[in-house]
Amino acid sequence: ITALRALIGLVVIFNLTLGLGFLFSPARMAELFFLAPQGIQGLATLRADFSSFFLIAAGFAGYGAWKQSASPLLAPLALFAIAFLGRAIGLILDGVAPTAITPMIVEAAMMAILLMGWFKFRNASFSD
């Protein structure tokens, strides 16, 4: 296993952990993400939307690393880019909270890792 595939594997584990956390413990995860679900429907929304985001990111990143294929890496890249953009817009419109920068650093790091994978795998020919 290459170092790059191992780094992508860390992205997978991180997002898989978050996705499963939102799926099975949405109230606890909501606190960690500074959210306040309103009732059963709020918990259902956390389970559906947040677990989808993180599990899709983990699945496509893992598949891309496993197959050493660039295309699957575009899905988590798009998810993290939109999330990063949303946070940047929040900084502009709402101001900077003390907790605002850390998630952006994490998203930027994951995007950098996935971009490295995309560049490495896009023209490579690997046998399975």
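In the predicted model, Arg122 is partly exposed, with a relative accessibility of 42%. Arg122 lies in the segment that follows α5.

One salt bridge is present in the structure. It pairs Arg87 with Glu107, and the closest N and O atoms of the two are 2.8 Å apart. In general, side chains of opposite charge can pair when their charged atoms come close. The two partners were assigned to separate accessibility classes. Arg87 has a relative accessible area of 32% and is therefore partly exposed, since this value falls between the cut-offs of 20% and 50%. Glu107, at 8%, is buried because its relative accessible area is under 20%.

Both residues of the salt bridge also contribute to the largest pocket, where Arg87 and Glu107 are listed with Phe33, Phe34 and Pro103 as the lining residues nearest the centre. The volume of this pocket is about 740 Å³, and its lining comprises 26 residues. Helices α1 (3–24), α3 (39–67), α4 and α5 each provide at least two residues of the lining. The largest share, 7 residues, is supplied by α4. By residue class, the lining consists of 17 nonpolar, 5 polar and 4 charged residues.

Terms used
Residues numbered from 1 in each chain as written. Predicted model: local features only at pLDDT ≥ 70, side-chain atom pairs only at ≥ 80, totals over all residues. Heavy atoms only, no water. Salt bridge = Lys/Arg side-chain N within 4 Å of Asp/Glu carboxyl O. Buried < 20%, exposed > 50% of the residue type's maximum accessible area, 1.4 Å probe, protein only. Helix = DSSP H or I, 4+ residues; strand = E, 2+ residues; numbered from the N terminus. 1 Å grid on protein atoms, 1.4 Å probe; cavity = no way out; pocket = protein on both sides within 12 Å on 5 of 7 lines; lining within 4 Å. Points joined across faces, edges and corners; volume = space filled by probe spheres on them. Nonpolar A, V, L, I, M, F, W, Y, C, P; charged D, E, K, R; others polar.
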